[in-house]
Amino acid sequence: MSMKALFFAAGAGGGACGSLSTDQVPTMTSNTAPSGTASAADETYELAWKSFNNATGVGWTSLAVTGAIIYDFGSGNGFICKGYSLSAATVNRARMAKDWTLEGANGGAYTTLDTVTGETAWSADEKRSYSAIADADFSNDTSYYQYKINVSANNGSGGALEIGEIELYECGD
């Protein structure tokens, strides 16, 4: 695991944002329900919404070893993302993201908010969190309604990429 992974709790932290909120993504039951849209470049195995369903086990799984997964809150429903977490799936952690960017957009070009490299040795259902509260490399002061995890490498699987769960947080102050 890299030094970038932070384990934060509501009420902890400092700076302009003293704590983080609960997950801003609703518990998804399909790519479009109950609200917003989950999507991915490749959904040939497990659909994108499975990484936003607040359940452990299996999340979005792509048959490519790199790829992107997006949550779109809808125009007018943006927020300033100050933290996020990724969780590994239960079955094959070699499929889990190792290198990625978190990006935000408002219907146009994406802006990189955070870059993570070298996240290895994931345990089954392990959650790792990343926060602008304590990470100088993560910066965002803009409200976006689209957020994307763009994975450039997994943990060694030659046949798939999988992210068990994704959560997005705003300031809880």
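Before we start, please note that the model is predicted, with local features needing pLDDT of at least 70, side-chain atom pairs counting only at pLDDT 80 or more, and totals for chains, interfaces and linings using all residues. Residues are numbered from 1 along each chain as its sequence is written, and side-chain values use heavy atoms, with hydrogens and water left out.

Let us begin with the sheets. Strands of a sheet pair through backbone hydrogen bonds, either parallel or antiparallel. The strand names used here come from DSSP runs (E, at least two residues), numbered from the N terminus. Two strands are said to pair if DSSP finds at least two bridges between them.

If you follow S1 to its partner, you reach strand S3 (residues 67-72), joined to S1 by four bridges in the antiparallel sense. Here Thr37 stands opposite Asp72 in S3.

The other open sheet to visit has three strands in the order S7-S4-S10, again with antiparallel pairing. Its edge strands are strand S7 (127-131) and strand S10 (165-169), each pairing on one side only. The twist in this sheet averages 15° from one strand to the next. Five bridges hold the antiparallel pair of S4 and S10. Along this pair, Ser85 stands opposite Glu167 in S10, and the bridge partner of Leu86 is Ile166.

Now take a look at one residue of S4. Gly83 lies in this strand, which covers residues 83-87. Is Gly83 buried or exposed? Its relative accessibility is 0%, so Gly83 counts as buried. (Buried means under 20% relative accessible area, exposed over 50%, and partly exposed in between, with a 1.4 Å probe and protein chains only.) Leaving aside residues up to four places away in sequence, Gly83 touches Leu20, Tyr130, Ser131, Phe138, Glu167, Leu168 and Tyr169, where contact means heavy atoms within 4.5 Å.

Five of its five residues are buried, so S10 is largely enclosed by the rest of the structure. Both of its faces are covered, with Glu165, Glu167 and Tyr169 buried on one side and Ile166 and Leu168 buried on the other.

Next comes the empty space inside. Rolling a probe the size of a water molecule over the atoms shows where empty space is left. A cavity is a set of points, on a 1 Å grid over the protein atoms alone, where a 1.4 Å probe fits but cannot get out, and lining residues have an atom within 4 Å of a point. Grid points are joined across faces, edges and corners, and a volume is the space filled by probe spheres set on the points. How many cavities of 30 Å³ or more does the structure hold? There is one, and the largest cavity has about 30 Å³ of space. Its lining consists of Phe52, Ile69, Tyr71, Leu102, Tyr147, Lys148, Ile149, Ile166 and Leu168. The elements giving two or more residues to this lining are S3, strand S8 (146-154) and S10. S8 gives the most, with three residues. By class, the lining has eight nonpolar, no polar and one charged residues; here Ala, Val, Leu, Ile, Met, Phe, Trp, Tyr, Cys and Pro count as nonpolar, Asp, Glu, Lys and Arg as charged, and the others, Gly among them, as polar.

Finally, here are some backbone details. In the segment before S1 you will find Pro34, and the peptide bond from Ala33 to Pro34 is cis, with omega near 10°. Asn54, in the loop between S1 and strand S2 (60-62), has a positive phi of about 55° although it is not a glycine. Asn54 is partly exposed, with a relative accessible area of 40%. In the loop between S6 and S7 sits Asp125, whose phi is also positive, near 60°. Asp125 is partly exposed, with a relative accessible area of 28%.

Methods: Axes fitted to C-alpha atoms, helices over the stretch in contact; angles between N-to-C directions. 1 Å grid on protein atoms, 1.4 Å probe; cavity = no way out; pocket = protein on both sides within 12 Å on 5 of 7 lines; lining within 4 Å.
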